[in-house]
Amino acid sequence: MSASDLMADGPMPDGSMTVPYHPPLRQVLETLGGHVLSAAYAPDGEAVTLREPIVHDPEDPLDERPGCVLLAVGARVTSPDAHDLVRRAARLGYHAVVVKDRGADLDPLVGTAKDAGIALLIAPQAIPWRQLDALLTAAISGPGSATTTYSTVAIGDLFALANAIAATIGGATTIEDPQGNVLGYSNIPGQEIDEIRRLGILGRKTPQRPTNRSEYNHVFKAGGPVRFDSLGPGHMRRMATAVRAGAQLLGFIWVLDGDPPVVSGAMRLLDDAGRIAALHLLRALSPSNPQRWHSSETLRALLDGTTSESAAAARLSLPADSPVTIVAFAPAGPVPEPGTALASIADVVSLSCEAWHPQAVCTTGSGKVYALLPVPPGTPAARLVRIATDAATAVRKSTRLNLHAGIGPVVEGLGDVPASSRLAERVLRVLGETAGASVAVATDEQVRSRVALHDLIERGGVAVDQLLKPVRRMLDHDRAHAGTHCVTLLAYFDAFGEAAKAAAELSVHENTLRYRIRRLQELFEVDLADPTERLVIWLQLRLLQLRGEL
């Protein structure tokens, strides 16, 4: 019997009456968050309410299930069968259909859902259908609607959840975040704890031990619960499981196996608890501004290429063909506690960019902060530079951290966001090599020649066997004798043949510079009279310099 059947109108076996609990779609989406489920389309007007999820096999007939959520397992959003399934689900009374986001264009299927009047929901490709079913069931079920111990636990109350797990499995329980911070623990009388657990509860963090890393890595990599034997006095047997929402690690559950021992089938029960705990951790770990967080996660997925243009458009409430640019921010130098610093930078940059446009979105990754800025037609590049400069200045005033900001090109749609991001990152690399420690901002056009050089390096640069003979001979000679012929010639080229300027750059006398140029032409057969050879030698020396080989 399903949870929805238990909630039907009418008397219960004890003669009491129940009131059906069918939560609105908006509430379910807020409970699960964008890591689990988001709406590509939801009907306007009266709030859409949901009943239990139904897993549909494409080979099975589709039954009438009013108000339920259809999990379209195996559906290809671009196939005619998917469109037919959405129409049939609407006719049979379903209120929503869930499909996987596999990077395909969702717009045609969204149009079908609109015509049929049914909500179309998107789940990330990484989350298994089994886990999605469990999370949806928990999010939709009301208090007292299920027959398990966990049904009475308020969503997000991790202490009550730890007690419920401890009562079900029979061992003292803690719930931790991915960093080992204790978020909740059980306090059921009579359940034994060891010294390690006591210290973890007192310090609200797992105490440091030599085996910590190996144990947590083992739990993280395992496909389900694992057991650990006692390592000696003060260390009890324990079980653990990782809690995930798809590929995202949410935390860990640890259960001690002491006196009395855990119940029979404890590993299976812990596996069940891990799936239920995912919903609680999603709620407990949600930030104070969930919409900003969901938008940030969508931008990260867009940059990583793990979500489609149409899915991102639905989640960001931006048309897929919106002109946008990516601005990448990074500290101008090393910073203490980079993780904390990056979070502070992201907060300030978010506020500053949202002042420019309310639908601006920020996210973090690889030691950088990325801002997606909608760009109205006709916006000059100087305006984007001013926005990035203001954001970097606000960060410096707030955190005393100097930033570099690279502005990618304006692209005509969300599908080209990764391309804008790649150029913004290359601008950052150029700024890191040429700018000082103060705020430095540039567009890709302003440093395009240096960006082009970096592009050549990323494409393989110049191989040793492709070096011109004069360049190869100079390079070998300088390495063997600690010489400076390559550096001297490059400085000469950079000064457009002005001996005085090149000499000043190298801190040598002008006559010394002229002598060195004459000498290297003789020694290495450098033909400075040939403009093509000058160009190629200059380019090869510059690439070698950028690769740190001069």
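In the predicted model, Ala482 is exposed, with a relative accessible area of 70%, and occupies the loop between H16 and H17. The phi angle of Ala482 is near 55°, a positive value in a residue other than glycine. Most residues other than glycine have a negative phi, and most peptide bonds are trans. A positive phi, likewise near 55°, is found for Arg204, which lies in the loop between helix H7 (195-203) and H8; Arg204 is partly exposed, with a relative accessible area of 41%.

A further backbone feature is the cis peptide bond that joins Asp259 and Pro260, for which omega is about 0°. Asp259 lies in the loop between S10 and helix H9 (266-284), and Pro260 is likewise found in the loop between S10 and H9. With a relative accessibility of 55%, Asp259 counts as exposed, the cut-off for this class being over 50%. When residues up to four places away in sequence are not counted, Asp259 touches Gly190 and Glu192; Asp259 and Glu192 are separated by 67 residues in sequence, while their C-alpha atoms are 6.0 Å apart in space.

Helix H16 (residues 469-481) also takes part in a helix-helix contact, in which its axis and that of helix H19 (residues 510-524) come within 10 Å and cross at roughly 110°. On the H16 side the contact involves Pro470, Arg473, Met474 and His477, which meet Leu520, Leu523 and Phe524 in H19. By residue class, the contact of H16 with H19 divides into 5 nonpolar residues, 1 polar and 1 charged.

A search of the whole structure for aromatic pairs finds 6. In one of them, the ring centres of Tyr216 and Phe252 are 5.2 Å apart and the ring planes stand at 85°, so the arrangement is edge-to-face. Since Tyr216 lies in helix H8 (residues 212-221) and Phe252 in strand S10 (residues 248-257), the pair ties together parts that are 36 residues apart in sequence. Both partners count as buried, Tyr216 at 15% relative accessibility and Phe252 at 2%. Tyr216 and Phe252 also belong, together with Phe228 and Trp254, to one aromatic cluster.

Turning to another aromatic pair, the rings of Phe496 and Trp538 have centres 5.9 Å apart and planes at 85°, so this pair is edge-to-face as well. The pair links distant parts of the chain, with Phe496 in the loop between helix H17 (485-494) and helix H18 (499-506) and Trp538 in helix H20 (residues 531-546), 42 residues apart. Phe496 counts as exposed at 69% relative accessibility, whereas Trp538, at 26%, counts as partly exposed.

At the level of the whole protein, the secondary structure comes to 20 helices and 16 strands. Of the 550 residues, 47% count as buried, and the accessible surface comes to about 26,300 Å², of which 52% belongs to carbon and sulfur atoms. Among the contacts with a separation of 6 or more, 65% are accounted for by residues 24 or more positions apart.

Notes
Residues are numbered from 1 along each chain as its sequence is written. This is a predicted model: local features need pLDDT of at least 70, side-chain atom pairs count only at pLDDT 80 or more; totals for chains, interfaces and linings use all residues. Side-chain values use heavy atoms; hydrogens and water are left out. Axes are lines fitted to C-alpha atoms, for helices over the stretch in contact, and angles run from 0 to 180 degrees between N-to-C directions. Helices (H or I, at least four residues) and strands (E, at least two) are DSSP runs, numbered from the N terminus. Contact means heavy atoms within 4.5 Å. Ala, Val, Leu, Ile, Met, Phe, Trp, Tyr, Cys and Pro count as nonpolar, Asp, Glu, Lys and Arg as charged, and the others, Gly among them, as polar. Buried means under 20% relative accessible area, exposed over 50%, partly exposed in between (1.4 Å probe, protein chains only). Accessible areas come from the Shrake-Rupley method with a 1.4 Å probe; for residues, only the protein chains shown count as cover. Rings of Phe, Tyr and Trp (its six-membered ring) pair if their centres lie within 6.5 Å; planes under 30 degrees apart count as stacked, over 60 as edge-to-face and the rest as tilted.
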